[in-house]
Amino acid sequence: MNNTTLKIDITKINASKIPDTDFTNLVFGKTISDHMFVADYADGEWSNARIEPYAPLSLNPANATLHYGQSVFEGMKAYKNEAGEILVFRADANQKRLNESAKRLCIPEVPEELFMEGLRQLLELDKDWIPNRPGYSLYVRPFIFATDDYLGIRPSEKYKFMIFTCPVGAYYSKPVSVKVECQYTRAAEGGTGAAKAAGNYAASLLPALQAQKEGYDQLLWTDGKSHQHIEESGTMNVMFLINNALITAPTTTGTILKGITRDSVLTLAKEMGVKVEERFLRVTELEDSLRNGTLQEAFGTGTAATIAHISKIHINGRDYVLPEIKEDSFSSKILNTLDAIKYGKIADTHDWIIKIK
Ligand code: COI
(Lines give C-alpha, C1' and ligand atoms only; values in the text may rest on other atoms or scores of the structure.)
Protein backbone atom coordinates (compact mmCIF):
# COMPACT_ATOMS: atom_id res chain seq x y z
CA MET A 1 0.00 0.00 0.00
CA ASN A 2 1.60 3.30 -1.04
CA ASN A 3 1.32 6.79 0.32
CA THR A 4 -1.25 8.96 -1.46
CA THR A 5 -2.16 12.61 -1.60
CA LEU A 6 -5.22 12.33 0.67
CA LYS A 7 -4.77 14.73 3.59
CA ILE A 8 -5.44 13.20 6.98
CA ASP A 9 -5.06 15.45 10.03
CA ILE A 10 -3.57 13.57 12.95
CA THR A 11 -4.04 14.39 16.63
CA LYS A 12 -2.04 12.01 18.78
CA ILE A 13 -3.00 10.74 22.21
CA ASN A 14 -0.99 12.33 25.07
CA ALA A 15 -0.07 9.01 26.66
CA SER A 16 -0.57 5.57 25.11
CA LYS A 17 -2.76 3.06 26.97
CA ILE A 18 -0.32 0.27 26.07
CA PRO A 19 1.51 0.24 29.45
CA ASP A 20 -1.87 -0.31 31.19
CA THR A 21 -2.96 -3.09 28.82
CA ASP A 22 -2.70 -6.77 29.70
CA PHE A 23 -1.96 -8.36 26.31
CA THR A 24 -2.00 -11.82 27.89
CA ASN A 25 -5.62 -11.51 28.92
CA LEU A 26 -7.53 -10.06 25.96
CA VAL A 27 -11.30 -10.44 25.82
CA PHE A 28 -12.40 -10.12 22.18
CA GLY A 29 -13.54 -6.58 21.41
CA LYS A 30 -12.99 -5.11 24.88
CA THR A 31 -9.54 -3.57 24.52
CA ILE A 32 -9.45 -0.66 22.09
CA SER A 33 -6.24 0.86 20.73
CA ASP A 34 -5.19 4.50 21.14
CA HIS A 35 -6.56 6.15 17.99
CA MET A 36 -9.51 6.16 15.62
CA PHE A 37 -9.96 7.31 12.03
CA VAL A 38 -12.96 9.51 11.23
CA ALA A 39 -14.38 11.10 8.05
CA ASP A 40 -17.65 12.97 7.59
CA TYR A 41 -20.14 12.85 4.74
CA ALA A 42 -22.25 15.91 3.99
CA ASP A 43 -23.45 17.73 0.85
CA GLY A 44 -22.71 14.65 -1.27
CA GLU A 45 -19.05 14.19 -0.38
CA TRP A 46 -16.65 12.74 2.18
CA SER A 47 -14.34 15.24 3.86
CA ASN A 48 -12.53 16.12 7.08
CA ALA A 49 -10.51 12.88 7.22
CA ARG A 50 -8.68 12.75 10.53
CA ILE A 51 -7.14 10.52 13.15
CA GLU A 52 -7.89 11.35 16.76
CA PRO A 53 -7.43 9.75 20.17
CA TYR A 54 -10.09 7.05 20.63
CA ALA A 55 -12.90 8.74 22.57
CA PRO A 56 -16.68 8.72 23.01
CA LEU A 57 -18.79 10.45 20.35
CA SER A 58 -21.37 13.06 21.11
CA LEU A 59 -24.72 12.16 19.52
CA ASN A 60 -28.03 13.95 19.43
CA PRO A 61 -30.89 11.75 20.78
CA ALA A 62 -32.59 12.23 17.38
CA ASN A 63 -29.61 10.61 15.59
CA ALA A 64 -31.10 8.59 12.70
CA THR A 65 -28.97 5.48 13.33
CA LEU A 66 -30.34 5.14 16.86
CA HIS A 67 -33.88 5.00 15.52
CA TYR A 68 -33.75 3.53 12.02
CA GLY A 69 -30.51 1.54 12.01
CA GLN A 70 -28.66 2.88 8.97
CA SER A 71 -25.32 1.34 9.89
CA VAL A 72 -22.95 -1.11 8.19
CA PHE A 73 -19.59 -2.43 9.31
CA GLU A 74 -16.63 -4.64 8.47
CA GLY A 75 -14.11 -6.77 10.29
CA MET A 76 -10.57 -7.51 9.19
CA LYS A 77 -7.26 -8.29 10.86
CA ALA A 78 -3.71 -6.93 10.86
CA TYR A 79 -0.69 -9.05 11.78
CA LYS A 80 3.03 -8.57 12.30
CA ASN A 81 5.57 -10.73 10.48
CA GLU A 82 8.91 -11.74 11.95
CA ALA A 83 10.55 -8.59 10.56
CA GLY A 84 7.96 -6.50 12.43
CA GLU A 85 6.19 -5.39 9.24
CA ILE A 86 2.42 -4.79 9.30
CA LEU A 87 0.40 -7.21 7.16
CA VAL A 88 -3.35 -6.86 6.56
CA PHE A 89 -5.37 -9.77 5.23
CA ARG A 90 -7.57 -8.98 2.19
CA ALA A 91 -8.45 -5.40 3.19
CA ASP A 92 -9.36 -4.69 -0.46
CA ALA A 93 -12.12 -7.31 -0.25
CA ASN A 94 -13.43 -5.75 2.97
CA GLN A 95 -13.48 -2.33 1.35
CA LYS A 96 -15.57 -3.65 -1.54
CA ARG A 97 -17.93 -5.54 0.74
CA LEU A 98 -18.43 -2.48 2.97
CA ASN A 99 -19.61 -0.57 -0.08
CA GLU A 100 -21.90 -3.42 -1.18
CA SER A 101 -23.48 -3.36 2.29
CA ALA A 102 -23.68 0.45 2.15
CA LYS A 103 -25.52 0.39 -1.20
CA ARG A 104 -28.19 -1.94 0.20
CA LEU A 105 -28.85 0.46 3.09
CA CYS A 106 -28.79 3.67 1.00
CA ILE A 107 -25.53 4.71 2.65
CA PRO A 108 -22.99 6.54 0.47
CA GLU A 109 -20.01 4.43 -0.56
CA VAL A 110 -16.58 5.15 0.86
CA PRO A 111 -13.95 5.83 -1.84
CA GLU A 112 -11.21 3.19 -1.97
CA GLU A 113 -8.51 5.79 -1.27
CA LEU A 114 -10.26 7.09 1.86
CA PHE A 115 -10.68 3.57 3.23
CA MET A 116 -7.17 2.36 2.41
CA GLU A 117 -5.31 5.51 3.37
CA GLY A 118 -7.29 5.89 6.61
CA LEU A 119 -6.48 2.26 7.41
CA ARG A 120 -2.81 2.63 6.48
CA GLN A 121 -2.20 5.72 8.59
CA LEU A 122 -4.17 4.39 11.56
CA LEU A 123 -2.23 1.10 11.54
CA GLU A 124 1.07 2.88 11.17
CA LEU A 125 0.26 5.08 14.16
CA ASP A 126 -1.01 2.21 16.35
CA LYS A 127 1.37 -0.51 15.13
CA ASP A 128 2.59 -1.20 18.66
CA TRP A 129 -0.92 -2.48 19.41
CA ILE A 130 -0.50 -5.39 16.97
CA PRO A 131 0.19 -8.44 19.12
CA ASN A 132 3.09 -10.60 17.99
CA ARG A 133 1.97 -13.84 19.60
CA PRO A 134 0.72 -16.78 17.48
CA GLY A 135 -3.07 -16.74 17.22
CA TYR A 136 -3.26 -13.02 18.09
CA SER A 137 -3.82 -10.05 15.81
CA LEU A 138 -5.22 -6.54 15.64
CA TYR A 139 -8.92 -6.68 14.75
CA VAL A 140 -9.91 -3.71 12.59
CA ARG A 141 -13.48 -2.41 12.68
CA PRO A 142 -14.46 0.01 9.87
CA PHE A 143 -18.08 1.21 9.94
CA ILE A 144 -20.40 3.84 8.50
CA PHE A 145 -23.47 5.23 10.20
CA ALA A 146 -26.09 7.92 9.66
CA THR A 147 -25.67 11.20 11.55
CA ASP A 148 -28.76 13.20 10.56
CA ASP A 149 -30.76 14.35 13.56
CA TYR A 150 -34.19 13.71 12.14
CA LEU A 151 -37.17 11.52 12.93
CA GLY A 152 -38.44 10.37 9.57
CA ILE A 153 -38.03 7.41 7.29
CA ARG A 154 -35.66 8.47 4.56
CA PRO A 155 -31.92 8.00 4.00
CA SER A 156 -29.82 10.28 6.16
CA GLU A 157 -27.99 13.10 4.38
CA LYS A 158 -25.00 12.99 6.73
CA TYR A 159 -22.79 10.06 7.81
CA LYS A 160 -19.58 9.20 9.60
CA PHE A 161 -17.04 6.63 8.40
CA MET A 162 -14.82 5.44 11.21
CA ILE A 163 -12.14 2.82 11.87
CA PHE A 164 -10.88 1.68 15.24
CA THR A 165 -8.86 -1.37 16.23
CA CYS A 166 -8.64 -3.93 19.04
CA PRO A 167 -5.86 -6.39 19.88
CA VAL A 168 -7.51 -9.81 20.00
CA GLY A 169 -7.00 -13.53 20.37
CA ALA A 170 -9.42 -16.16 19.10
CA TYR A 171 -13.13 -15.27 19.16
CA TYR A 172 -13.85 -18.86 20.21
CA SER A 173 -11.22 -20.39 22.46
CA LYS A 174 -12.63 -23.91 22.11
CA PRO A 175 -14.77 -25.85 19.62
CA VAL A 176 -18.36 -24.59 19.46
CA SER A 177 -21.70 -26.32 19.92
CA VAL A 178 -24.50 -25.18 17.61
CA LYS A 179 -28.26 -25.56 17.41
CA VAL A 180 -30.06 -25.78 14.07
CA GLU A 181 -32.65 -22.97 14.23
CA CYS A 182 -35.91 -23.86 12.49
CA GLN A 183 -38.27 -21.28 13.95
CA TYR A 184 -36.68 -17.83 13.76
CA THR A 185 -35.29 -16.39 10.51
CA ARG A 186 -32.01 -14.51 10.06
CA ALA A 187 -32.50 -13.46 6.45
CA ALA A 188 -35.16 -13.69 3.77
CA GLU A 189 -34.67 -13.44 0.02
CA GLY A 190 -34.88 -9.78 -0.95
CA GLY A 191 -33.83 -8.73 2.56
CA THR A 192 -30.52 -7.53 3.96
CA GLY A 193 -28.93 -10.90 4.83
CA ALA A 194 -25.94 -10.43 2.51
CA ALA A 195 -25.15 -7.01 3.97
CA LYS A 196 -23.03 -6.59 7.08
CA ALA A 197 -25.76 -4.43 8.56
CA ALA A 198 -25.94 -3.76 12.29
CA GLY A 199 -29.67 -4.58 12.34
CA ASN A 200 -29.07 -8.16 11.12
CA TYR A 201 -27.09 -8.83 14.27
CA ALA A 202 -29.67 -7.16 16.54
CA ALA A 203 -32.41 -9.40 15.11
CA SER A 204 -30.31 -12.51 15.73
CA LEU A 205 -29.78 -11.87 19.44
CA LEU A 206 -33.00 -13.28 20.90
CA PRO A 207 -32.82 -16.69 19.16
CA ALA A 208 -29.08 -16.90 19.90
CA LEU A 209 -29.67 -16.12 23.59
CA GLN A 210 -32.36 -18.76 23.72
CA ALA A 211 -29.93 -21.31 22.28
CA GLN A 212 -27.28 -20.25 24.81
CA LYS A 213 -29.77 -20.83 27.64
CA GLU A 214 -30.25 -24.33 26.25
CA GLY A 215 -26.46 -24.84 26.37
CA TYR A 216 -25.35 -24.09 22.79
CA ASP A 217 -22.78 -21.49 21.80
CA GLN A 218 -24.36 -20.47 18.52
CA LEU A 219 -27.10 -21.12 15.98
CA LEU A 220 -27.02 -22.72 12.57
CA TRP A 221 -29.54 -20.60 10.71
CA THR A 222 -31.82 -22.21 8.14
CA ASP A 223 -33.48 -20.50 5.17
CA GLY A 224 -36.43 -18.25 6.00
CA LYS A 225 -38.88 -19.92 3.58
CA SER A 226 -38.76 -23.63 4.39
CA HIS A 227 -36.29 -23.87 7.31
CA GLN A 228 -34.99 -26.99 5.59
CA HIS A 229 -31.61 -25.75 4.40
CA ILE A 230 -28.56 -24.70 6.40
CA GLU A 231 -27.49 -21.11 5.67
CA GLU A 232 -24.85 -19.75 8.09
CA SER A 233 -24.08 -19.28 11.76
CA GLY A 234 -24.60 -16.10 13.78
CA THR A 235 -20.94 -15.10 13.76
CA MET A 236 -19.55 -16.94 10.73
CA ASN A 237 -20.24 -18.90 7.53
CA VAL A 238 -20.35 -22.68 7.99
CA MET A 239 -18.83 -25.59 6.09
CA PHE A 240 -19.29 -29.34 6.29
CA LEU A 241 -16.91 -32.04 5.10
CA ILE A 242 -19.13 -34.96 4.14
CA ASN A 243 -17.83 -37.96 2.20
CA ASN A 244 -14.69 -35.93 1.42
CA ALA A 245 -16.71 -33.11 -0.21
CA LEU A 246 -16.63 -29.63 1.30
CA ILE A 247 -20.19 -28.28 1.32
CA THR A 248 -21.20 -24.68 2.07
CA ALA A 249 -24.24 -22.56 1.22
CA PRO A 250 -23.99 -20.51 -2.00
CA THR A 251 -24.06 -16.70 -1.78
CA THR A 252 -26.46 -16.32 -4.72
CA THR A 253 -29.73 -15.93 -2.77
CA GLY A 254 -28.80 -12.66 -1.03
CA THR A 255 -29.34 -14.32 2.36
CA ILE A 256 -25.73 -15.29 3.12
CA LEU A 257 -22.81 -13.05 4.00
CA LYS A 258 -20.11 -13.21 1.32
CA GLY A 259 -17.45 -14.21 3.80
CA ILE A 260 -13.88 -13.32 2.92
CA THR A 261 -12.55 -16.17 5.06
CA ARG A 262 -15.19 -18.37 3.37
CA ASP A 263 -13.81 -17.42 -0.05
CA SER A 264 -10.21 -17.95 1.11
CA VAL A 265 -11.01 -21.42 2.49
CA LEU A 266 -12.80 -22.49 -0.72
CA THR A 267 -9.82 -21.28 -2.78
CA LEU A 268 -7.32 -23.20 -0.64
CA ALA A 269 -9.55 -26.31 -0.55
CA LYS A 270 -9.74 -26.42 -4.36
CA GLU A 271 -5.95 -26.07 -4.54
CA MET A 272 -5.61 -28.97 -2.09
CA GLY A 273 -7.71 -31.09 -4.46
CA VAL A 274 -10.76 -31.17 -2.18
CA LYS A 275 -14.11 -31.36 -3.94
CA VAL A 276 -16.03 -28.14 -3.19
CA GLU A 277 -19.83 -27.99 -3.41
CA GLU A 278 -21.44 -24.56 -3.03
CA ARG A 279 -25.00 -25.72 -2.50
CA PHE A 280 -27.63 -25.79 0.20
CA LEU A 281 -27.27 -28.68 2.61
CA ARG A 282 -30.67 -29.96 3.71
CA VAL A 283 -31.14 -30.33 7.47
CA THR A 284 -32.21 -33.95 6.84
CA GLU A 285 -29.03 -34.56 4.85
CA LEU A 286 -26.95 -33.10 7.68
CA GLU A 287 -28.77 -35.31 10.18
CA ASP A 288 -28.30 -38.41 8.00
CA SER A 289 -24.58 -37.66 7.70
CA LEU A 290 -24.31 -37.34 11.49
CA ARG A 291 -26.19 -40.59 11.99
CA ASN A 292 -24.32 -42.68 9.42
CA GLY A 293 -20.89 -41.22 10.19
CA THR A 294 -20.24 -39.65 6.76
CA LEU A 295 -19.88 -36.18 8.32
CA GLN A 296 -16.15 -35.87 8.92
CA GLU A 297 -15.86 -32.24 10.01
CA ALA A 298 -17.97 -29.12 10.49
CA PHE A 299 -16.55 -25.66 11.09
CA GLY A 300 -17.31 -21.97 10.93
CA THR A 301 -15.28 -19.46 8.91
CA GLY A 302 -15.04 -15.75 9.68
CA THR A 303 -12.61 -12.95 10.35
CA ALA A 304 -13.23 -12.97 14.08
CA ALA A 305 -13.81 -16.72 14.36
CA THR A 306 -11.07 -17.65 11.82
CA ILE A 307 -11.74 -21.41 11.60
CA ALA A 308 -14.00 -22.45 14.47
CA HIS A 309 -14.37 -26.20 14.87
CA ILE A 310 -17.90 -27.41 15.63
CA SER A 311 -18.03 -30.09 18.30
CA LYS A 312 -21.78 -30.64 18.67
CA ILE A 313 -24.88 -30.06 16.52
CA HIS A 314 -28.42 -30.01 17.88
CA ILE A 315 -31.17 -30.91 15.40
CA ASN A 316 -34.85 -31.19 16.34
CA GLY A 317 -34.39 -32.27 19.94
CA ARG A 318 -31.30 -34.42 19.41
CA ASP A 319 -27.60 -33.71 20.08
CA TYR A 320 -24.98 -35.14 17.75
CA VAL A 321 -21.36 -35.15 18.88
CA LEU A 322 -18.84 -34.73 16.07
CA PRO A 323 -15.57 -36.61 15.65
CA GLU A 324 -12.66 -34.94 17.44
CA ILE A 325 -10.52 -32.65 15.29
CA LYS A 326 -6.92 -33.77 14.82
CA GLU A 327 -3.77 -31.94 13.66
CA ASP A 328 -4.08 -33.57 10.22
CA SER A 329 -7.82 -32.88 9.86
CA PHE A 330 -8.77 -30.81 6.82
CA SER A 331 -9.90 -27.79 8.87
CA SER A 332 -6.72 -27.85 10.99
CA LYS A 333 -4.62 -27.86 7.82
CA ILE A 334 -6.64 -24.97 6.39
CA LEU A 335 -6.31 -23.00 9.64
CA ASN A 336 -2.54 -23.57 9.71
CA THR A 337 -2.15 -22.57 6.04
CA LEU A 338 -4.26 -19.44 6.48
CA ASP A 339 -2.28 -18.47 9.59
CA ALA A 340 1.02 -19.04 7.79
CA ILE A 341 -0.13 -16.69 5.00
CA LYS A 342 -1.46 -14.07 7.43
CA TYR A 343 1.72 -13.99 9.55
CA GLY A 344 3.90 -13.91 6.42
CA LYS A 345 5.47 -17.31 7.07
CA ILE A 346 4.74 -18.72 3.58
CA ALA A 347 4.48 -17.16 0.13
CA ASP A 348 1.31 -15.15 -0.48
CA THR A 349 0.54 -16.63 -3.90
CA HIS A 350 -3.00 -15.14 -4.00
CA ASP A 351 -2.04 -11.51 -3.30
CA TRP A 352 -4.15 -11.57 -0.15
CA ILE A 353 -1.68 -9.70 2.02
CA ILE A 354 -1.42 -5.93 1.97
CA LYS A 355 1.84 -4.73 3.48
CA ILE A 356 1.57 -1.37 5.20
CA LYS A 357 4.52 0.87 4.43
C1 COI B 1 -16.23 -10.67 12.00
O2 COI B 1 -15.94 -11.86 11.88
O3 COI B 1 -15.42 -9.78 11.70
C4 COI B 1 -17.53 -10.24 12.51
O5 COI B 1 -17.93 -9.15 12.30
C6 COI B 1 -18.32 -11.18 13.34
C7 COI B 1 -18.49 -10.77 14.74
C8 COI B 1 -18.84 -12.00 15.51
C9 COI B 1 -17.33 -10.13 15.41
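Me: In this predicted model, how many residues of domain 1 are in contact with domain 2, and what makes them count as contacts?
Reply: Contact here requires heavy atoms within 4.5 Å, and by that rule 20 residues of domain 1 touch 20 residues of domain 2. The two parts span 9-169 for domain 1 and 176-342 for domain 2, and their centres, taken over C-alpha atoms, lie 27 Å apart.

Me: How much area do domain 1 and domain 2 bury between them, and which residues of domain 1 lose the most?
Reply: About 1,700 Å² is buried between domain 1 and domain 2, with 61% of it on carbon and sulfur atoms. On the side of domain 1, the residues that lose the most area to domain 2 are F73, F89 and R97, which together account for 35% of what that side buries.

Me: Why is the pair R90 and D263 called a salt bridge?
Reply: The rule asks for a side-chain nitrogen of Lys or Arg within 4 Å of a carboxyl oxygen of Asp or Glu; the closest N and O atoms of R90 and D263 are 2.9 Å apart, so the pair qualifies. Between domain 1 and domain 2 the count is 2 salt bridges, while 11 residue pairs across the interface are in polar contact, both residues being at pLDDT 80 or more.

Me: Which elements supply the side of domain 1 that touches domain 2, and what kinds of residue make it up?
Reply: At least two residues each come from β4 (71-73), β5 (76-80), β6 (86-89) and α2 (91-104), with α2 giving the most, 6 residues. By class, that side of domain 1 divides into 10 nonpolar, 4 polar and 6 charged residues.

Methods:
Residues numbered from 1 in each chain as written. Predicted model: local features only at pLDDT ≥ 70, side-chain atom pairs only at ≥ 80, totals over all residues. Heavy atoms only, no water. Domains from an automatic or database assignment. Buried area = accessible area lost by both parts, 1.4 Å probe. Polar contact = N/O pair within 3.5 Å; in protein donor to acceptor, adjacent residues only side chain to side chain. Helix = DSSP H or I, 4+ residues; strand = E, 2+ residues; numbered from the N terminus. Nonpolar A, V, L, I, M, F, W, Y, C, P; charged D, E, K, R; others polar.
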